[in-house]
Amino acid sequence: MKIAIAADHAGFELKEQLKQAFPDIDWLDLGTHSNASVDYPQFGFAMGQAITEGQAAQGILICGSGIGISIAANRYPAVRAALCANATMARLSRQHNDANVLALGSRIIGLDLARDCVSAFLDTPFEGGRHQRRADMLDTRRG
């Protein structure tokens, strides 16, 4: 399955660096494709649509802080975007929350930490068990 990736202008360079750092991933690049100023919601929405339509099971979003783009993606019921600033947060977002989209802030973390977050996120399964009930509660409040 493809991994979707999207960024605004502030996250463009980190997006491109992550694609190069993980050459074995089949990336679905939702843009942006330059440093030219764009509006972050359109890329969060593009991620939401890609996840909703099954074009990708998981995704990575990047903007300056990671906040705005994750808010935009979380407008879609199929998305559980988690803003993470370290690998522990990325791992726990998968284990405990069944997050399917990792949001990163390019002005908050550098490439090495971003790589650690992506690795932890993609390599960690959802634990289920006691966490399943809580994840199910999140789904019932959507719509």
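Is Arg-134 buried, partly exposed or exposed? Arg-134 counts as partly exposed, at 39% relative accessibility; buried means under 20% relative accessible area, exposed over 50%, and partly exposed in between (1.4 Å probe, protein chains only).

1. Basis of the note. This is a predicted model, in which local features need pLDDT of at least 70 and side-chain atom pairs count only at pLDDT 80 or more, while totals for chains, interfaces and linings use all residues. Residues are numbered from 1 along each chain as its sequence is written, and side-chain values use heavy atoms, with hydrogens and water left out.

2. Five strands form an open sheet in the order 2-1-3-5-4, with parallel pairing. Strand 2 (27-29) and strand 4 (81-83) are the edge strands, each pairing on one side only. From one strand to the next the twist averages 25 degrees. Strands and helices are DSSP runs, numbered from the N terminus (strands: E, at least two residues; helices: H or I, at least four). Two strands pair if DSSP finds at least two bridges between them. Strand 1 (residues 3-7) and strand 2 run parallel and are joined by three bridges; Ala-4 has Leu-28 in strand 2 as its bridge partner.

3. Helices on the sheet. Helix 1 (residues 12-21) packs on the sheet and touches strand 1, strand 2, strand 3 and strand 5 (101-105). The direction of helix 1 makes about 155 degrees with that of strand 1. Helix 5 (residues 111-123) lies across strand 1, strand 3 and strand 5, and runs at about 170 degrees to strand 5. Axes are lines fitted to C-alpha atoms, for helices over the stretch in contact, and angles run from 0 to 180 degrees between N-to-C directions. Contact means heavy atoms within 4.5 Å.

4. Nonpolar cores. The largest nonpolar core has 22 residues, of which Leu-18, Ile-60, Leu-102 and Leu-104 touch the most other members. A nonpolar core is a set of buried Ala, Val, Leu, Ile, Met, Phe, Trp, Tyr and Cys residues joined through side-chain atoms within 4.5 Å. Strand 1, helix 1, strand 3, strand 5 and helix 5 each give two or more residues to this core, and helix 5 supplies the largest share, five residues. A second, separate core of 17 residues includes Ala-6, Ala-50, Ala-56 and Ala-81.

5. In an unreviewed entry, UniProt lists Cys-63 and His-96 for "active site". The two are spread over 34 residues of sequence and up to 24.2 Å in space between C-alpha atoms. UniProt annotations may be inferred rather than shown by experiment. Cys-63 is in strand 3 and counts as buried, at 4% relative accessibility. Contacts of Cys-63 include Asp-8, Leu-104 and Ser-106. His-96 sits in the loop between helix 4 and strand 5 and is partly exposed, with a relative accessible area of 26%. Not counting residues up to four places away in sequence, His-96 touches Phe-126, Glu-127 and His-131.

6. Gly-64 is in the loop between strand 3 (58-63) and helix 3 (67-73) and is buried, with a relative accessible area of 7%. Among the residues that Gly-64 touches are Asp-8 and Arg-107. Arg-134 is found in helix 6 (residues 130-140).
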